[in-house]
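Subject: Structure handover

Hello,

I am passing on the structure below for your files.

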Amino acid sequence: MSNPQSSAPSSRREQILKEAARLFAERGFHGVGVDEIGAAVGISGPGLYRHFAGKDAMLAELLVGISERLLDGGRMRVAEGGENPEAVLDALIDGHIDFALDDRPLITVHDRELDRLREADRKRVRQLQRQYVELWVEVVRQVHPGPSESQARAAVHAVFGLLNSTPHLGRPGSLPGRTEMAELLHRLALGAFGAVADGGPEAGESVATKTVAAGVPGA
């Protein structure tokens with residue numbers, strides 16, 4: 001399945017956003033100047049203002065944009081999965097793994113810089129993330145009807161935390177290749193959901209108690 005979250009930049013505007021995400025992740029929002037972002041895409045700093053009002057606008061588009069794309073991609077996978085909830089859950093996991101492996105800078109930027117957004121943009125991100133979580137919760141409960149809704153939601157947050165750990169997994173050379181890593185993450189995610197389903201109420205409550213909603217995009 002194609003990955004709508006990590007397609008190659010097809011316009012100058014998308015190139016700017018990609019380089020801004022990389023630089024913000026490496027050096028922090030305040031550690032990067034407009035001129036440096038421009039240099040990364042081969043245009044002058046002032047030339048960026050033909051595309052964005054400034055760094056704040058870039059940050060907002062990055063974080064609102066990825067939340068929108070994750071939700072849209074999730075809805076597409078649910079629609080394509082039809083009456084097979086196991087296949088839908090597999091597709092949701094694969095889609096989020098594509099994001100987690102291919103857009104790691106956005107995870108770092110989200111974790112560090114979300115609070116820098118204007119209140120309206122921050123609320124929009126959180127609204128989109130809640131919808132994304134609830135989409136997963138519904139599918140998880142179709143596959144594993146035993147756990148309560150709150151337990152399923154806690155498991156979804158925990159799985160997001162697992163998948164979104166990719167920026168912290170070590171040097172690229174020390175990890176399996178992309179295909180192997182994607183397969184490993186998929187097995188771990190399925191195992192986490194299965195553990196909640198197999199463990200009964202006490203296991204579910206343990207997950208709910210210990211889970212911290214690790215800033216997703218998507219949680």
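The lining of the largest cavity divides by class into 4 nonpolar, 5 polar and 1 charged residues (Ala, Val, Leu, Ile, Met, Phe, Trp, Tyr, Cys and Pro count as nonpolar, Asp, Glu, Lys and Arg as charged, and the others, Gly among them, as polar). This is a predicted model, in which local features need pLDDT of at least 70, side-chain atom pairs count only at pLDDT 80 or more, and totals for chains, interfaces and linings use all residues. Residues are numbered from 1 along each chain as its sequence is written, and side-chain values use heavy atoms, with hydrogens and water left out.

The largest cavity holds about 40 Å³ of space. Of the 10 residues lining this cavity, G74, R77, G95, H96 and Y132 are the closest to its centre. Two or more lining residues come from each of α3 and α4. Searching the whole structure gives 1 cavity of 30 Å³ or more.

On terms: the search uses a 1 Å grid over the protein atoms alone; a cavity is a set of points where a 1.4 Å probe fits but cannot get out, a pocket is an open set with protein on both sides within 12 Å along at least five of seven lines, and lining residues have an atom within 4 Å of a point. Grid points are joined across faces, edges and corners, and a volume is the space filled by probe spheres set on the points. Helices are DSSP runs (H or I, at least four residues), numbered from the N terminus.

The second largest pocket has a volume of about 170 Å³. Its lining consists of V78, G82, E83, N84, P85, V88, E134, L135, E138, V139 and Q142. The elements giving two or more of these residues are α4 (85–102) and α6 (119–143), and α6 has the largest share, 5 residues. By class, the pocket lining has 5 nonpolar, 3 polar and 3 charged residues.

Helix α1 (residues 12–27) packs on helix α3 (residues 55–81) at an angle of about 95 degrees, with the axes 10 Å apart (axes are lines fitted to C-alpha atoms, for helices over the stretch in contact, and angles run from 0 to 180 degrees between N-to-C directions). The two helices, α1 and α3, are therefore roughly perpendicular (65 to 115 degrees). R13, I16, L17, A20, A21 and F24 of α1 meet K55, M58, L59, E61 and L62 of α3 (contact means heavy atoms within 4.5 Å).

Mean pLDDT (the predictor's confidence in each residue, from 0 to 100) is 87 for the protein, and 84% of its residues reach 70 or more. Residues 1–7 have pLDDT below 50, with 19 contacts in the model beyond near neighbours in sequence.

Regards

Notes:
Parallel < 35°, antiparallel > 145°, perpendicular 65-115°, else oblique.
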